[in-house]
Amino acid sequence: MSENKNETADRSEGPASGASQARRRAGSQAIDEVQRVFESLRNAVLDQRLPPGLQLKEQALADAFGVNRAVVRQVLSRLEVFRLVSHEPNRGVFVAHPSAAEGRDLFTARRFIEAAIVELAVERLRDADIERLRALVKREQQAYADGDLRKALRLSIDFHTKLADAVGNTVLAAFLDEIVTRTPLVVLAHRKASQPTCALSDHAQILDAIAARDVERAKALMIEHVGHLQGRLALDPGAKRSDSNIARLLGLDAVDNPI
Ligand SMILES: [Zn+2]
């Protein structure tokens, strides 16, 4: 909101002065910083680096990213819109801790949306699209074989979002993106002892069914696949954790301060 105020003030000054240009530059730099910090935190959620219930302190984030607290506040507001963090009055801002009921709702929504995406994929995907997705699945399998779980996890998520993108329905893709981004929080909040991930051969089999233009099999495999992940979660509530070292969790402790 502060950028809007600055822009209005600049326009009222008539021809751009050096000072107003400098303010505009500072404004667009702040927007870039908001975007950069937002993406970093969103990626940290996707990589399961931010545990549900973790307190996010403004100053610690500002120090970790080398930005001011106003930037951090804007980022936290945006993350709240996507329900990745929750603001608790008089307590602070916490990484969202989805309830068991929310988790069940999320997986139900995923089954419907991903079944619809697969149905459209059978209709619309060209051979080149399928080959691109096969290459992604190969990289995912290689990452598992190399023991690089974080990379494998990201590629697993990419499989679902890239399939949605390839189908070309922007509304379905946006729905899925929002839901998939919240999935790691549900997994972390409600997982059993082992790390639940997409089953290794499922993605390749779903692609085979799409390539064979077998809509019923492709949908059944996708619904089973999402159900398999849900089945590995214990949907009982967990406890909140305290902020230990936000820079370390974000992998920023060794990064140069950009300012
Ligand atoms: Zn999957």
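R83 sits in the loop between α4 (69-81) and β2 (85-88), and it makes a handy entry point to this predicted model. The protein chain holds eleven helices and three strands, arranged along the sequence as α-α-β-α-α-β-β-α-α-α-α-α-α-α. Of its 259 residues, 29% count as buried. Among contacts in the protein chain with a separation of 6 or more, 75% link residues 24 or more positions apart.

- R83 is not a glycine, yet its phi is positive, at about 60°.
- R83 counts as partly exposed because 14 other C-beta atoms lie within 10 Å.
- R213 is not a glycine either, and its phi is also positive, at about 55°.
- R213 lies in the loop between α9 and α10, following α9 in the chain.
- R213 counts as exposed, since it has 12 other C-beta atoms within 10 Å, and the cut-off for exposed is 12 or fewer.

- The axes of α6 and α7 are 8 Å apart, and the two helices pack at an angle of about 170°.
- An angle over 145 degrees counts as roughly antiparallel, so α6 and α7 are roughly antiparallel to each other.
- On the α6 side the contact is made by D129, L133, L136, V137, R139, E140, A143 and Y144.
- On the α7 side the contact is made by K151, A152, L155, S156, D158, F159, K162, L163 and A166.
- Sorted by class, the contact of α6 with α7 has ten nonpolar, one polar and six charged residues.
- Helix α7 (residues 149-167) also packs with helix α8 (residues 170-190), at an angle of about 170° and with the axes 9 Å apart.
- α7 and α8 are therefore roughly antiparallel to each other, and their crossing is left-handed.
- From α7, the contact with α8 involves I157, H160, T161, A164, D165 and V167.
- From α8, the contact involves L172, A173, L176, D177 and V180.
- By class, the contact of α7 with α8 has seven nonpolar, two polar and two charged residues.

**Helices α5 and α10**

- The axes of α5 and α10 cross at roughly 155° and come within 9 Å.
- That angle makes α5 roughly antiparallel to α10, and the crossing is right-handed.
- The α5 residues in the contact are F107, R110, R111, E114, A115, V118, E119 and V122.
- The α10 residues in the contact are V215, A218, K219, M222, I223, V226, G227 and Q230.
- By class, the contact of α5 with α10 has nine nonpolar, two polar and five charged residues.

- E119 belongs to helix α5 and counts as partly exposed because it has 17 C-beta neighbours inside 10 Å.
- E119 and V215 are 96 residues apart along the chain, while their C-alpha atoms are separated by 5.8 Å.
- Not counting residues up to four places away in sequence, E119 touches V215 and K219.
- A218 belongs to helix α10 and counts as buried because it has 24 C-beta neighbours inside 10 Å, where the cut-off for buried is 20 or more.
- A218 and V118 are 100 residues apart in sequence, but 6.5 Å apart in space from C-alpha to C-alpha.
- Leaving aside neighbours within four places in sequence, A218 is in contact with V118, V122, I206, A209 and I210.

**The buried side of α9**

- In helix α9 (residues 202-211), the buried residues are H203, I206, L207, A209 and I210.
- An α-helix has 3.6 residues a turn, so residues three or four places apart point the same way.
- The cover over the buried residues of α9 includes α5 (100-124), α6 (127-145), α7 and α10 (215-231).
- I206, A209 and I210 are also among the contacts of A218, which is found in α10.

Definitions and conventions
Residues are numbered from 1 along each chain as its sequence is written. This is a predicted model: local features need pLDDT of at least 70, side-chain atom pairs count only at pLDDT 80 or more; totals for chains, interfaces and linings use all residues. Axes are lines fitted to C-alpha atoms, for helices over the stretch in contact, and angles run from 0 to 180 degrees between N-to-C directions. Helices (H or I, at least four residues) and strands (E, at least two) are DSSP runs, numbered from the N terminus. Angles under 35 degrees count as roughly parallel, over 145 as roughly antiparallel, 65 to 115 as roughly perpendicular and the rest as oblique. A crossing is left-handed if the near helix is turned anticlockwise from the far one by less than a right angle, and right-handed if clockwise. Two residues are in contact if their C-beta atoms, placed from the backbone, lie within 7 Å. Ala, Val, Leu, Ile, Met, Phe, Trp, Tyr, Cys and Pro count as nonpolar, Asp, Glu, Lys and Arg as charged, and the others, Gly among them, as polar.
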